[in-house]
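Subject: Structure for you to look at

Hello,

Here is the structure I said I would pass on.

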Amino acid sequence: MKHTEKNAPGYWQENIRLVKILLSIWFVVTFLLGIVFVDQLDNIRFAGFKLGFWISQQGAIFVYVFLIYFYLKAMDKLDDKYKLNKEE
Amino acid sequence: MSVQTLTYLFVGITFLLYITIAIKSRASSTSDFYIAGAHVPPLANGLATAADWMSAASFISMAGIISFMGRDGSVYLMGWTGGYVLLAMLIAPYLRDFGKFTVPDFIGERYYSQTARMVALLCAIFVSFTYVAGQMRGVGVVFSRFLEVDISTGVLIGMTIVFFYAVLGGMKGITYTQVAQYCVLIFAFMVPAIFISLLMTGNVIPQIGFGAELTPEYGGGYLLDRLDGLNQELGFTAYTESVRSKLDVFFITVALMFGTAGLPHVIIRFFTVPSVRAARKSALYALVFIAILYTTAPTIAAFARTNLINTVSNVEYSEMPAWFKTWEATGLISFEDKNNDGRIQYLADPDDNELTIDRDIIVLANPEIAQLPNWVVALVAAGGLAAALSTAAGLLLVISSSIAHDLLKSNLMPNISEKKELLAARIAIFFAVCIAGYFGINPPGFVAEVVAFAFGLASSSFFPAIVLGIFYKRMNKEGAISGMLVGIIFTASYIVYYTFINPAADNPEGWWFGISPEGIGTLGTLFNFLTAFVVCHFTAEPPQEVQAMVEDIRVPG
């Protein structure tokens, strides 16, 4: 049968909540750490990097990969909970 | 063996590989042709998406741009990867559940309107054509520099190869050649990076070498500190300092991210997997494969710039190594001895600077500057061609499916048989290859500029319409169509004004609120959203069956 919002109540709300949390992290890392407060963060150093510089050229990309990984795991779990979208 | 022979060998082998794949994966139905029958496994789709996405610009130009921009190059690194977070969470899974062939398909059905479909179709074709012309040019340039054939012959060879697998196999052929092309391009990109990191810092992993100390032969000290110092000595801003305003950096990053998430040739890759779960998984694979190149590019930028300055700055012209003369012949690097002292002065001040360097040289000549073995030098050509051809093929497919499916089947000739539609798709791709090739050989002056702006255009047109279509049930056709038009017209006008009509004002003082044409797509996107909301509240809500469709795509299965 076709699954829609009506016969899976709660699924959409949980999905939205998850995406909101993950996109908040995405926003903070990219725009606050990577752009707005980058000069303050540059005062912190590790190895040969200034922290702000490292976040905007390397760190943010690693965070993006992690965010999508976390989204994938959480959504698979959510699908299982609602018995949706079984892989054949 | 000489570099020339090795280059021919590598390019020949990879082309043979692509043709073999093409012959093995012919399309027999429209579903094969448009979406590879939706049978592509997530890993293969991740590889194909990465190759589809990373164009000649990512492979050849990006590291060079960062090398000369330093800190400000971060906008490309974050913008072109961060967009995948939006794509994975806001777009790909839902459009896969919708389960059709093209992006205009979704816009047309969600907004129950042929007008909406036509607006989307025109945006898709416009964005794809500007983009594909740049790829064909890239093919020609690689051929002419490495294989000493002229640009036109290079473009023709490239066209023949793409034509072969795109016309025969459609999406099916394109997908599996893209998988092979990813492997070729990432190998060609990583090998020189690993070599140069090992040479300069003793680290095998370039991402670690980036923050490490230079070996004693290179003068010791942290690489980035050294580079900051070199830049300042020559009068440039320190490498890790920013020149652009924060506001502009913010706007450009947003425009690149939204644009990435709204580009039709990337979105349609998610139609090719069997399920919603597979769509999510392939988004992860795609970003991992992209991240390998994107986290390496800034390391190449820093290594190559340090190396370049050390090699040329204040050194006798007569003592320049062989690569300097080779690349001088291609015009990518040029020296004018203004003070007649026989030495090369590379300085920030344009009055005293004697060296002009094309940014593409950072990737193209990097292996030679670092004195790497001949086979590494020869790899670069095969990698650049793989990057350009894979992206070109993906774009050509968008053009072909827009014409055969959205224009003919859905609009002009709804009764067309599947066989005829398939034939029409093949003919459309044939003409698209020819037009792209024509623009590759005779590039209109604006191509280079417009490609960079394609993101702003995709961002201000598609992104809001798609996201609202999924997340806002009340959005109706009046809102979406007026939003798309306002967004793309505003963005295009701003770009056209500063690029063609009044280029003299194209500087931070002349711009609106200090936002560059590259970043204006963000404002266009905002206007799109606002217009859509206002208009939709004064017009009728969408029909029940459309609202039911939205409820359906929100829940997979």
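The notes below go through the contact between the chains, the helix packing, the core and a few single residues.

Please keep in mind that this is a predicted model.

Contact between the chains

The contact between the two chains involves 40 residues from chain A and 42 residues from chain B. On the side of chain B that touches chain A, the elements giving two or more residues are helix H5 (74-98), helix H10 (223-233), helix H11 (246-262), helix H13 (276-312) and helix H22 (544-554) of chain B. The most comes from H13(B), with 12 residues. Sorted by class, this side of chain B has 22 nonpolar, 10 polar and 10 charged residues.

Helix packing in chain A

In chain A, helix H1 (residues 11-36) and H3(A) have axes that come within 10 Å and cross at roughly 175 degrees. H1(A) and H3(A) are therefore roughly antiparallel to each other. From H1(A), the contact uses A:Tyr11, A:Glu14, A:Asn15, A:Leu18, A:Leu22, A:Ile25, A:Trp26, A:Val29, A:Thr30, A:Leu33 and A:Gly34. From H3(A), the partners are A:Ile55, A:Ser56, A:Ala60, A:Val63, A:Leu67, A:Phe70, A:Tyr71, A:Ala74 and A:Leu78. The residues in this contact of H1(A) with H3(A) are 15 nonpolar, four polar and one charged.

Helix packing in chain B

Two helix pairs in chain B are worth a look. In one of them, the axes of helix H3 (residues 42-53) and helix H8 (residues 151-201) of chain B come within 8 Å, crossing at roughly 70 degrees. That angle makes H3(B) roughly perpendicular to H8(B). The crossing of H3(B) and H8(B) is left-handed. H3(B) brings B:Ala44, B:Leu47, B:Ala48, B:Ala50, B:Ala51 and B:Asp52 to the contact, and these meet B:Thr175, B:Gln178, B:Val179, B:Gln181, B:Tyr182 and B:Leu185 in H8(B). Eight of the residues in the contact of H3(B) with H8(B) are nonpolar, three are polar and one is charged.

In the other pair, H11(B) packs against helix H21 (residues 520-537) of chain B at an angle of about 65 degrees, with the axes 6 Å apart. The crossing of H11(B) with H21(B) is left-handed. On the H11(B) side the contact is made by B:Phe251, B:Val254, B:Ala255, B:Phe258 and B:Gly259, and on the H21(B) side by B:Gly521, B:Thr522 and B:Thr525. The contact of H11(B) with H21(B) has four nonpolar and four polar residues, and no charged ones.

The nonpolar core

The largest nonpolar core holds 218 residues, and the members that touch the most others are B:Leu185 and B:Leu396. B:Leu185 is also one of the H8(B) residues that meet H3(B). Which residues does B:Leu396 contact, leaving aside its neighbours within four places in sequence? They are B:Val132, B:Val162, B:Ala166, B:Ile429, B:Ala432, B:Val433 and B:Ala436.

Single residues

For A:Lys83, phi is about 50 degrees. A:Lys83 sits in the segment after helix H3 (51-81) of chain A. With 10 other C-beta atoms within 10 Å, A:Lys83 is exposed. For B:Tyr112, phi is near 35 degrees. B:Tyr112 is in the loop between helix H6 (103-110) and helix H7 (114-147) of chain B. B:Tyr112 counts as partly exposed, having 15 C-beta neighbours inside 10 Å.

B:Ile151 belongs to helix H8 of chain B. Is B:Ile151 buried or partly exposed? It counts as partly exposed, because it has 19 C-beta neighbours inside 10 Å and a buried residue needs 20 or more. Not counting residues up to four places away in sequence, B:Ile151 touches B:Gly140, B:Val141, B:Ser144 and B:Ile441. Its C-alpha atom is 29 Å from that of B:Ile403, which is 252 residues away along the chain.

B:Ile427 is in helix H18 (residues 418-441) of chain B. B:Ile427 is partly exposed, with 14 other C-beta atoms within 10 Å. The C-alpha atoms of B:Ile427 and B:Phe490 are separated by 34 Å, and the two residues are 63 residues apart along the chain.

Regards

Key
Residues numbered from 1 in each chain as written. Chains lettered and ligands numbered in written order. Predicted model: local features only at pLDDT ≥ 70, side-chain atom pairs only at ≥ 80, totals over all residues. Core = buried A, V, L, I, M, F, W, Y, C linked by C-beta atoms within 7 Å. Buried ≥ 20, exposed ≤ 12 C-beta atoms within 10 Å, placed from the backbone. Contact = placed C-beta atoms within 7 Å. Axes fitted to C-alpha atoms, helices over the stretch in contact; angles between N-to-C directions. Helix = DSSP H or I, 4+ residues; strand = E, 2+ residues; numbered from the N terminus. Parallel < 35°, antiparallel > 145°, perpendicular 65-115°, else oblique. Left-handed = near helix turned anticlockwise from the far one by under 90°. Nonpolar A, V, L, I, M, F, W, Y, C, P; charged D, E, K, R; others polar.
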